[in-house]
Amino acid sequence: MSTNSSGVRLRSVTKRFRSGTIGIDNASLTIEGGEFVTFLGPSGSGKTTTLNTIAGFVRPTSGSIEIGGRDVTKVPPSKRNLGIVFQNYALFPHMSVRDNVAFGLHGRGLSKHEVSKRINDVLTMVRLGGLEDRRPKQLSGGQQQRVALARALVYQPPVLLMDEPLSALDKALRDQMQVEIGRIHREVGTTFLFVTHDQNEALGLSDRIVLFNEGRILQVGTPSELYEQPRSLFAAQFLGESNVFRGRVTSAQTLEFAGVPLRFNGGAPATKSAAIVVRPENLLVRQADEARPDENQVSALITNISYFGSFRSIMVSYLDGSSGQLRESASSEARFSRGDNVSVCWDPGRAVLVDDGEAAA
Amino acid sequence: MSENTRGGWGLWIWAALVAVLLVAPLLAVVPISFSAKQSFTFPPSSLSLKWYENIVSSPRWWSAIGTSILLGVLVMVICTLLGTAAALGIHRYPGRVGAVVTGILVAPMIIPGIVSAVAIYASYLRWHLTGNLQGFLLAHTVLALPFVVVTVLSSLSSTDPALERAAASLGAGAWRTFARVTLPAIAPSVGAGALFSFVTSFDEVVAASFLQSPVIRTLPIEMFVSVTNQVDPTIAAVSTVILALTTMVVLLPVIVRNRRPKGASS
């Protein structure tokens with residue numbers, strides 16, 4: 001299929017619902033043509049509302065939306081020429097697979113020959129050849145998902161929107177479709193906008209992730225940027241596991257956590273109260289007397305150890321009562337057991353300082 | 001079938017009793033219509049078709065049957081169009097506007113028939129709508145409309161709203177979305193609503209008895225007049241004909257649906 005992709009641009013988009021609640025709070029965002037961008041966030045965070053404003057189903061209260069450089073803020077959904085995959089697929093139940101896929105080709109001035117060629121091509125791409133005459137009800141969830149993709153891609157839209165497309169599938173199928181969606185994105189080269197609340201889908205699929213919370217865009221970046229350099233406590237906790245050491249910033253380089261000074265790299269935050277965030281794989285467990293001067297160390301109590309084959313997951317409880325976890329390669333010998341008092345240590349360069357709590361946004 | 005899905009003898013007897021109570025009067029009417037004597041004796045002592053001959057040869061009955069069918073069909077067409085359109089509108093504005101409009105349209109279903117009929121008669125007298133087809137048409141449309149609105153509305157609310165969005169995203173305008181997506185989804189309910197509205201009109205007695213004149217009478221009114229004027233089994237013959245017709249109307253869709261191959265029935 002030919003490459004056809006457009007960028008999408010949101011300028012200060014705000015949506016205030018009639019009830020007064022704010023769906024989107026002043027969101028600005030630029031998506032390049034051909035990118036795979038994920039809108040990630042908990043339910044009610046504004047990610048689906050934002051997708052719906054791009055689709056045209058929700059009219060923003062203020063702000064503007066451009067697709068391929070054209071202002072579409074007031075253009076109805078039927079004239080935006082987008083491909084959309086709905087959460088429960090929304091396949092037309094009374095039509096065959098072929099008629100579902102053909103629906104979007106109507107009125108595009110294509111010859112009969114061209115229409116059937118496009119349908120065949122797209123069904124081959126989503127690996128559904130031979131099922132043209134089935135009704136949606138006669139297909140499995142994964143197959144329905146593929147029909148929905150085929151229907152949204154057959155007219156080669158410059159942008160494809162997907163609203164939690166994998167949430168209705170079971171785990172194994174979800175993993176498989178995730179790989180498929182990645183492949184299809186590479187094949188068609190269209191801009192993909194993918195809404196999900198599943199961090200693994202976001203990390204695994206995206207060129208960039210847009211993290212939403214409470215109607216706002218909190219952070220935009222590549223999966224590794226979001227994982228390694230979260231800019232807020234929310235980002236750190238929503239993506240991946242993290243150990244959070246909340247405390248007061250006492251100098252440009254140190255934060256006091258439960259009476260223990262911890263060093264951090266980078267400048268001091270604007271607020272006095274902040275938190276150091278460390279990922280489980282960057283923490284080490286040592287015996288209490290084993291600490292090294294170049295590391296931060298915090299004493300902890302081991303509350304549980306789980307074996308996962310290639311690694312052990314160690315759950316700990318810190319001085320302030322918060323809990324955390326770290327990982328230890330299972331190739332080394334197990335030196336600790338539940339109930340041990342240990343030191344949890346890390347290299348200050350492998351941790352991030354973020355503003356504390358709700359002020360983070 | 002397992003033992004407990006069948007139910008015991010008690011349940012069977014109860015079900016049979018209810019069935020007999022419901023059907024018995026009908027089953028008495030049919031034999032009486034074939035009686036050779038001018039009486040309602042049951043069972044009839046001798047058989048004939050003369051009461052049927054009576055219907056066929058009487059312009060009175062023909063005219064009443066014609067009026068009722070014409071009226072029923074017109075009411076059905078108008079109610080189906082208006083009722084479906086109203087349901088679509090109400091569905092689109094689910095707030096206070098929708099609730100108020102629903103309330104007004106459905107009111108004839110709740111207001112006692114005699115109250116509606118008196119109100120209709122009082123106003124139609126002033127509007128010169130008594131004793132003519134337009135009056136019947138208007139009255140029956142008002143009375144039958146709720147059945148279409150309610151059935152179509154319930155079907156709309158159980159239809160996935162994403163279907164219309166999907167059609168829009170695929171470039172379909174309002175008309176194409178309605179014709180290719182919404183209408184096929186609600187078609188069975190539109191059909192049921194149409195049937196209900198026909199039957200409502202065909203069966204309506206109270207308003208019709210106010211609006212009738214010797215010139216225009218619907219079938220139920222003609223039957224009523226006939227019973228009060230003379231006692232003869234013609235009325236039983238008419239009842240039997242109506243019974244046969246309505247049974248056919250109700251059974252036809254069921255038979256057609258069962259004939260269709262399984263895969264296509266969804």
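The following legends describe close-up views of a predicted model.

**View 1. The interface of chain A and chain B.** In this predicted model, contact between the two chains involves 22 residues of chain A and 18 residues of chain B. The area buried between chain A and chain B is about 1800 Å², and carbon and sulfur atoms account for 64% of this area. Of the area that chain A buries against chain B, 29% is supplied by A:Ser78, A:His94 and A:Phe103, more than by any other three residues.

View 2. Three residue pairs in polar contact, both residues at pLDDT 80 or more, are found across the interface of chain A and chain B. Zero salt bridges are found across this interface.

**View 3. A nonpolar surface patch of chain B.** B:Leu11, B:Trp14, B:Leu17, B:Val18, B:Leu22, B:Val23, B:Leu26 and B:Leu27 make a nonpolar surface patch of about 790 Å². One of these residues, B:Val18, belongs to helix H2 of chain B, which comprises residues 9-33. B:Val18 has a relative accessible area of 35% and is therefore partly exposed.

**View 4. A:Asn26 in a strand of chain A.** Strand E2 of chain A, residues 22-31, contains A:Asn26. The phi angle of A:Asn26 is near 55°, a positive value in a residue other than glycine. With a relative accessibility of 48%, A:Asn26 counts as partly exposed.

**View 5. A:Asn81 in a loop of chain A.** A:Asn81 lies in the loop that runs between strand E5 (70-71) and strand E6 (83-85) of chain A. For A:Asn81, phi is near 55°, again positive in a residue other than glycine. The relative accessible area of A:Asn81 is 30%, so this residue is partly exposed.

Note on methods:
Residues are numbered from 1 along each chain as its sequence is written. Chains are lettered from A and ligands numbered from 1 in the order in which they are written. This is a predicted model: local features need pLDDT of at least 70, side-chain atom pairs count only at pLDDT 80 or more; totals for chains, interfaces and linings use all residues. Side-chain values use heavy atoms; hydrogens and water are left out. Patches are made of residues with over 30% relative accessible area and no salt bridge: like charges are joined within 9 Å, nonpolar side chains (Val, Leu, Ile, Met, Phe, Trp, Tyr) within 5 Å. Accessible areas come from the Shrake-Rupley method with a 1.4 Å probe; for residues, only the protein chains shown count as cover. A salt bridge is a side-chain nitrogen of Lys or Arg within 4 Å of a carboxyl oxygen of Asp or Glu. Helices (H or I, at least four residues) and strands (E, at least two) are DSSP runs, numbered from the N terminus. Buried means under 20% relative accessible area, exposed over 50%, partly exposed in between (1.4 Å probe, protein chains only). Contact means heavy atoms within 4.5 Å. Buried area is the accessible area (1.4 Å probe) that two parts lose on being put together, summed over both. A polar contact is a pair of N or O atoms within 3.5 Å; within protein, one must be able to donate a hydrogen and the other to accept it, and residues adjacent in sequence count only if both atoms are side-chain atoms.
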